[in-house]
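Subject: Structure handover

Hello,

Here is the structure we talked about. Please look through it first; my notes follow below.

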Amino acid sequence: MTQKIQGHSFGVNSVSFNPKNENQFVSCGNDSLIKKWEEKNNTWEFVDKIETDSIMKDVAYSDNESFASCSEDGSIILWTKEGNEWVKKILGMNENEIEKIEWNENFSTLIAIDSK
């Protein structure tokens, strides 16, 4: 299935699929948003968003419905849903912009790569 969707107003920087449910993914972009998407009736639909204070560079779904993000301000954040609210836990702050994050294969360690 091919579908063109308007993900982020100033460009998409990253997409990460849910490892337990390939019908869900999160995206992040230059608009300082993280968006959650789900496939319903053969169409991808935007279902939730998180507004942040910085341009998001990467997102990485974990294996338990939460995901991590990194941004140009050097922050690394773990996002979990509690009720209807997204709760952020700052895992670290780096003096350099964080470009990429990824979980190891058993989702026990988050690896971050800075811009330097």
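**The nonpolar cores**

The largest nonpolar core has 11 residues: Val26, Cys28, Ile34, Ile50, Met56, Val59, Tyr61, Phe67, Ile77, Trp79 and Trp86. A nonpolar core here is a set of buried Ala, Val, Leu, Ile, Met, Phe, Trp, Tyr and Cys residues joined through side-chain atoms within 4.5 Å. Buried means under 20% relative accessible area, exposed means over 50%, and partly exposed lies in between (1.4 Å probe, protein chains only). At least two residues of this core come from each of β2 (21-29), β5 and β7. β5 gives the largest share, 3 residues. Apart from this core lies another, of 8 residues, including Ala60, Ala68, Cys70 and Ile98. In soluble globular proteins, nonpolar side chains tend to be buried together.

Strands and helices are DSSP runs numbered from the N terminus (strands E, at least two residues; helices H or I, at least four).

Two notes on the source. This is a predicted model: local features need pLDDT of at least 70, side-chain atom pairs count only at pLDDT 80 or more, and totals for chains, interfaces and linings use all residues. Residues are numbered from 1 along each chain as its sequence is written, and side-chain values use heavy atoms, with hydrogens and water left out.

Start with β6 (residues 67-71). 5 of its 5 residues are buried, so the strand is largely enclosed by the rest of the structure. Both of its faces are covered. Phe67, Ser69 and Ser71 are buried on one side, Ala68 and Cys70 on the other. In a regular strand the side chains alternate between the two faces of the sheet.

β6 pairs with β5 (residues 56-61) in the antiparallel sense, over 5 bridges. Two strands count as paired if DSSP finds at least two bridges between them. Val59 has Ser69 as its bridge partner in β6. The two strands form a hairpin with 5 residues between them. In that turn, Glu65 has a positive phi of about 70 degrees.

β6 also runs antiparallel to β7 (residues 75-82), joined by 4 bridges. Here Cys70 stands opposite Ile76.

Val59 is worth a click. Leaving aside neighbours within four places in sequence, its contacts (heavy atoms within 4.5 Å) include Val26, Cys28, Ile34, Ala68 and Ser69. Ser14, Val15, Ser16, Ser27 and Ile101 are also among them.

β9 (residues 98-103) and β10 (residues 110-114) run antiparallel, joined by 5 bridges. Ile98 stands opposite Asp114 in β10. The hairpin has 6 residues between its strands.

Most residues other than glycine have a negative phi. Phe107 is near 60 degrees. Ser32 lies in the loop between β2 and β3 and is buried, at 16% relative accessible area. Phe107 lies in the loop between β9 and β10 and is partly exposed, at 26%.

**Salt bridges**

The count comes to 6 salt bridges, each a side-chain nitrogen of Lys or Arg within 4 Å of a carboxyl oxygen of Asp or Glu.

- Lys36 and Glu65 meet at 3.9 Å, N to O. Lys36 is in β3 (residues 33-40) and Glu65 in the loop between β5 and β6, so the pair ties together parts 29 residues apart in sequence. Lys36 is buried at 13% relative accessibility, while Glu65 is partly exposed at 37%.
- Lys40 and Glu38 meet at 3.8 Å, N to O. Lys40 is partly exposed, at 34%.
- Glu51 and Lys49 meet at 3.6 Å, N to O. Glu51 is exposed at 60%, and Lys49 partly exposed at 41%.

**Surface patch**

Val12, Val15 and Phe17 make a nonpolar surface patch of about 260 Å². Patches are made of residues with over 30% relative accessible area and no salt bridge; like charges are joined within 9 Å, nonpolar side chains (Val, Leu, Ile, Met, Phe, Trp, Tyr) within 5 Å. Areas come from the Shrake-Rupley method with a 1.4 Å probe; for residues, only the protein chains shown count as cover. Phe17 sits in β1 (residues 12-18) and is partly exposed, at 45% relative accessibility.

Best wishes
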